Amino acid sequence: MSEQQVSVKGQDGGQAEVAAGATAGEALRALGLFRGQVLAARVDGQTRDLATTIADGARIEAVPADSEEGRQILRHSVAHIMAQAVTDLYPEAKFAIGPPIDNGFYYDFDVAEPFTPTDLERIEDRMRAIVREDQAFQRRELPRDEALELFADQPYKVEIIHSVEDQVISVYDNVRPDGTVWPDLCRGPHLPTTKWVPAFTLQRVAGAYWRGDERRPMLQRIYGTAWESRKALKAHLRQLDEARERDHRKLGRELDLLSFPEELGAGLAVWHPNGAIVRKQMEDYARAEHLRRGYEPVYSPHIGRSQLWETSGHLDFYADGMYPPMELDTGGESRGSVRGSEGGAQRGTDYYPKPMNCPFHVLVYRSRTRSYRELPLRLFELGTVYRYERSGVLHGLLRARGFTQDDSHIFCTAEQIVDECVDVLEFAVDLFRDFGFAEGPSRVALSTRPSKAATVGTDEGWIHAEAALTETLERSGLDYVVDAGEGAFYGPKIDLQVTDAIGRAWQLTTVQVDFNLPERFGLAYVGPDGAEHRPYMIHRVLFGSLDRFFAILLEHFAGAFPTWLAPVHAVVVPISDRHHAYGDQVVAELVAQDLRATLDDSDDTMGAKIRKHQLAKVPYQLIVGDAEAAARTVAVRPRQGDQRKDVPVAELAAELAAEVAGRRSL
RNA sequence: GCCGGGAUAGCUCAGUCGGCAGAGCGAUUCACUCGUAAUGAAUAGGUCCGGGGUUCGAUUCCCCGUCCCGGCUCCA
């Protein structure tokens, strides 16, 4: 090897000699790794510009455009292009941050007037011009004071520079055709030039606080997305359309499942018969399965005295999430009022709507002396709770102010925690399977203790609880990740996510170990030694919120519920009026098998009836005419797939009953 | 809560530069009695989200409120 040569290694174990001072891009070519769209390089594990000079012995990998890392770099570069376009059009704009995010990017600007949709079009046009200009992204590194000088008129950049610990600050210059540059503070890496952008579009503008802090200025955020090809961009936009079509608020209205009447109030839904039938199936399933697995149902009221919430700690730790109290029993003529609406009256008792069910279950436990022989005690309730969510975060059933949890609290000994938690995880996986997520949880996370100051309980308690959950996960055989510091203030937890039909992740099940509430309520059980011991408590929900899970199912299935959940299993479509009588007999036969069947006796034409029920996503339409009535059969037209003619009614009833009982999908 | 955008028939939406309010679908009625995704006709249906203001006159302009949509975590 000559002095002018350096040696580089490739990701595939290959090796090559390149001239000293060669770039990462040149090294990739020498290694034969520059195949397809390569946007950047990973040099000794760190992503770098293709123009980075590499050192002797460096290990180099290609970062392709269609990798997650490649897309991030692409999106980050497009964010810069957008910022330059905004500078060109609105020279007074101040720049904040412009990172890549899942499926896109954004950039925050401080401008006098908010951007309008028309502004977005102008910005996008300007961006396309910048892409055509093939501007280089040139990296340079400067000392902190020079960087401060360069961005002296950009207060947000100055604040960022002050928060950066490195003494050397990197800046990327976009070199315009006339030789001038547009600089932006940036860690990089970036594309070599703007022309490397294959496809992008701007999407929307929204307000966003500087650094997400509502006490700081509200900036204008422009969202966009960029992809490695026009095809990939189109596919992404199609997916967004698909998500809009599946929106549970839209489907909920179209399929007459539920509504959110304005006069009822924000974040509160009423369930129509069609939605209620589906929900009832979910509730029946939950009740039956909990009973089968040794849980005991309990019921509790919707409100409770302030003293209860003081003892539980909710008024200390969760007051912001609670509805305000009602003051009752003031002793005067008044029947009471919401506190604050009337002044001066004699103090009564405050009652709060419950945001959680745990204190009530604790009261059930504490209603008498408990023996170790009763443990584990698994109390279960479909408990409706009310939480004061800020108006801006409400989102149909996915984020509501009133909803029902499939909630359970398991009281057990320290030794029983692992067994109980393992059972809960098995229960959850079975439930996911039965509701159409057969592949099981897509993400399992153990959340550990947040900073000590933000938590209650002893170090020993935390260590024991975290060890128990770790052992639970090991025994369950599920792959999991650790979310350090993401636990609740009273204990660590395990969270399970599922991924729906269009790739979105939803968190459902959560299992939390709690040694705080038993302490606060002074819970005890009498052990075999005759002495009192403190039980542990496990909080767990499987669906999480029934309402929210319903919305997830609705979107997952795009309204086409599996037969066992569908509001109507089968609708009988008579060809003409003279077949109504036979249609009634078919319905009766199906209903006798506990199937949900109806007769369409409207005077629509047959084609119109079929279209109507197809749009309503009824699993089976049963066509009956002269031939069927004579042979006591039906023509079965399933929601999807081929139709079958001349199916005997009894045979069909048995088939459908089996499909429903097996919770099979069509 | 904050920023931006909205709210017109049950639904989707048009419209009124301030002067009696529109379509399609749906509903109802009548006719049609039909063989696998829309039969035809007629009729009904509106506090133009609520309250206040400006005006001869407000669904339209202004203010306040309610509700809805998007966003407010992802560190240059």
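Reader: How many cavities of 30 Å³ or more does a search of the whole structure find?
Author: One cavity of 30 Å³ or more turns up in that search. Keep in mind that this is a predicted model.

Reader: How much space lies in the largest cavity?
Author: The largest cavity holds about 60 Å³ of space.

Reader: Which residues line the largest cavity?
Author: The lining consists of R287, P297, V298, Y299, F380, E381 and L382. Strand β21, residues 377-386, supplies the largest share of that lining, with three residues.

Reader: And what classes does the lining divide into?
Author: Five of the lining residues are nonpolar and two are charged, with no polar ones.

Reader: What is phi of R211?
Author: Phi of R211 is near 60 degrees, which is a positive value in a residue other than glycine. R211 belongs to the loop between β12 and β13, where β13 is 218-227.

Reader: Helices now. At what angle do α2 and α3 pack?
Author: Helix α2 (residues 68-89) packs on helix α3 (residues 117-132) at about 115 degrees, and their axes are 8 Å apart. α2 is therefore roughly perpendicular to α3, since 65 to 115 degrees counts as roughly perpendicular.

Reader: Left-handed or right-handed crossing there?
Author: α2 passes α3 in a right-handed crossing.

Reader: Which residues in α2 meet which in α3?
Author: From α2 come V78, I81, M82, Q84, A85, V86, D88 and L89, and they meet R122, I123, R126, M127, I130 and V131 in α3. By class, this contact of α2 with α3 has 10 nonpolar residues, one polar and three charged.

Reader: Next, α12 and α13. How far apart are their axes?
Author: The axes of α12 (residues 417-434) and α13 (residues 459-476) are 9 Å apart, and the helices pack at an angle of about 45 degrees. The two are therefore oblique to each other.

Reader: Which residues make the contact?
Author: On α12 these are I417, V418, D419, C421, V422 and L425, and on α13 they are H464, A468, L469, E471, T472, L473, R475 and S476. Eight residues of this contact between α12 and α13 are nonpolar, three are polar and three are charged.

Reader: And which way does α12 pass α13, left-handed or right-handed?
Author: That crossing of α12 past α13 is right-handed.

Reader: Last pair, α16 and α19. How do they cross?
Author: Helix α16 (residues 580-591) and helix α19 (residues 649-661) cross at roughly 35 degrees, with axes that come within 9 Å. α16 passes α19 in a right-handed crossing.

Reader: What makes up that contact?
Author: Y582, V586, E589 and L590 of α16 make it with V649, A650, L652 and A653 of α19. The contact of α16 with α19 has seven nonpolar residues, no polar ones and one charged.

Methods:
Residues numbered from 1 in each chain as written. Chains lettered and ligands numbered in written order. Predicted model: local features only at pLDDT ≥ 70, side-chain atom pairs only at ≥ 80, totals over all residues. Heavy atoms only, no water. Axes fitted to C-alpha atoms, helices over the stretch in contact; angles between N-to-C directions. Helix = DSSP H or I, 4+ residues; strand = E, 2+ residues; numbered from the N terminus. Parallel < 35°, antiparallel > 145°, perpendicular 65-115°, else oblique. Left-handed = near helix turned anticlockwise from the far one by under 90°. Contact = heavy atoms within 4.5 Å. Nonpolar A, V, L, I, M, F, W, Y, C, P; charged D, E, K, R; others polar. 1 Å grid on protein atoms, 1.4 Å probe; cavity = no way out; pocket = protein on both sides within 12 Å on 5 of 7 lines; lining within 4 Å. Points joined across faces, edges and corners; volume = space filled by probe spheres on them.
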